[in-house]
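Subject: Handing over a structure

Hi,

Here is the structure I promised to pass on.

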Amino acid sequence: GALPLDLFDAIATLKKELNAVILAHYYQEADIQDIADFIGDSLQLARAAAETNADVIVFAGVHFMAETAKILNPEKLVLLPDLNAGCSLADTCPPKEFAAFKAAHPGHLVISYVNCSAEIKAMSDIICTSSNAVKIVEQIPKEQPIIFAPDRNLGRYVIKKTGRDMVLWQGSCIVHETFSEKKIVQLKIAHPEAEAIAHPECEESVLRHASFIGSTAALLKYCQESPSQEFIIATEPGIIHQMQKAAPQKHFIPAPPENNCNCNECPFMRLNTLEKLYLAMKNRTPEITMSEEIRLAALRPMQRMLEMSL
Ligand code: 13P
Ligand code: SF4
């Protein structure tokens with residue numbers, strides 16, 4: 001059928017009817033961020049999902065995030081506006097290969113970045129996000145060997161911060177590996193007052209030019225608190241919507257990709273649209289499901305993360 005003229009109104013009505021909460025990641029398009037009840041980084045969204053009283057969680061983000069919400073809320077209906085909203089990083093870590101990797105490193109504690117499938121979580125001891133990875137690794141006894149998966153860039157950053165030696169799964173994100181060191185250096189020369197800040201999924205060659213490295217929420221907070229008036233943002237530019245709202249007088253420059261493309265936008269995050277979000281609520285589908293066996297196995301390392309990052 002035809003779409004209602006005012007999607008914002010229609011979504012607000014459905015939200016009441018369903019007793020739904022809309023959780024959105026910072027990489028969602030501006031309209032989705034504006035209609036969300038809660039916007040956050042992966043850790044904040046997992047916490048919000050763990051605490052909500054709503055019957056329905058509409059997850060405006062990618063599949064592993066909605067799956068995380070389902071792991072924490074088996075009795076709730078969890079909707080993802082577009083089921084094809086995957087994650088290139090999560091896809092670099094297939095369960096079969098990861099099981100073999102684990103078997104090749106006996107006695108290792110497995111710490112997995114939340115950007116992975118429920119199957120990988122089920123094979124992990126502790127989950128982390130970019131905002132608590134350092135804090136979690138620091139709590140592991142020194143003599144305990146660690147496997148860190150799936151992001152090698154975050155892994156390398158955590159090794160640098162903690163001085164811990166970890167075995168890294170060689171995964172990465174296509175979006176964060178698209179930033180060009182050369183173009184960031186050129187931008188810094190053109191904007192000598194600008195501070196470059198970056199997400200730890202970026203490569204070392206980009207991170208070394210950043211005066212601050214953190215999760216999306218940490219980057220947002222940093223822009224508000226830093227006295228600088230101009231920033232070069234090396235992460236998905238969706239976050240700039242909130243930066244601009246929080247500090248309207250400041251200037252935010254998205255770090256450019258290597259080629260002249262818009263591949264610094266996450267193609268998976270951007271599959272979600274306001275229309276698809278409305279239709280998902282109206283039709284109560286597509287829904288996130290998983291076997292109870294996988295869910296329970298994935299829940300344990302999630303709970304350990306929530307306890308260790310209080
Ligand atoms: P944050 O936890 O920093 O929001 O990161 C999520 C993500 O997918 C980064 O690419
Ligand atoms: Fe995955 Fe990268 Fe998109 Fe984040 S930006 S959701 S890590 S593909």
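One definition before the ligands: Ala, Val, Leu, Ile, Met, Phe, Trp, Tyr, Cys and Pro count as nonpolar, Asp, Glu, Lys and Arg as charged, and the others, Gly among them, as polar. By that scheme, the shell around ligand 1 has one nonpolar, seven polar and two charged residues.

Some housekeeping: this is a predicted model, so local features need pLDDT of at least 70 and side-chain atom pairs count only at pLDDT 80 or more, while totals for chains, interfaces and linings use all residues. Residues are numbered from 1 along each chain as its sequence is written, and chains are lettered from A and ligands numbered from 1 in the order in which they are written.

Back to the ligands. A residue is near a molecule if its C-beta atom, placed from the backbone, lies within 6 Å of it. Around ligand 1 you'll find Asp 41, Ser 42, Asn 115, Thr 129, Ser 130, Cys 173, His 199, Glu 201, Ser 215 and Thr 216. Ligand 2 has 14 residues around it, the closest being Cys 87, Leu 89, Cys 173, Val 175 and Cys 266. The shell of ligand 2 splits into nine nonpolar, three polar and two charged residues.

Now the overall picture. The protein has 15 helices and 12 strands (DSSP runs numbered from the N terminus: H or I of at least four residues for helices, E of at least two for strands). Its C-alpha trace spans about 55 × 50 × 35 Å along the principal axes. Of the 310 residues, 46% count as buried, meaning that 20 or more other C-beta atoms lie within 10 Å of a residue's own; 12 or fewer make it exposed, anything in between partly exposed, and C-beta atoms are placed from the backbone.

On to the sheets, where two strands pair if DSSP finds at least two bridges between them. One open sheet has four strands in the order β2-β1-β3-β4, with parallel pairing. β2 (38-40) and β4 (77-79) are at its edges with a single partner strand each, so one side of each has no neighbour in the sheet. On average, neighbouring strands here are turned by 20 degrees against each other, direction ignored. Helix α4 (residues 63-72) packs on this sheet, touching β1, β3 (56-60) and β4, and its direction makes about 160 degrees with that of β3. For that, contact means C-beta atoms, placed from the backbone, within 7 Å, and angles run from 0 to 180 degrees between N-to-C directions of lines fitted to C-alpha atoms, for helices over the stretch in contact. Between β1 (residues 20-25) and β2 there are three bridges, and Leu 23 has Phe 38 as its bridge partner in β2.

A second open sheet of four strands runs β10-β9-β11-β12, also with parallel pairing. Its edges are β10 (212-213) and β12 (251-254), each with a single partner strand. Four bridges join β11 (residues 230-234) to β12; Ile 232 is partnered there with Ile 253 of β12. Helix α10 (residues 181-190) lies across β9 (195-198), β11 and β12, at about 175 degrees to β11.

Finally, strand β5 (residues 109-113): four of its five residues are buried, so the rest of the structure largely encloses it.

Cheers

Key: Contact = placed C-beta atoms within 7 Å.
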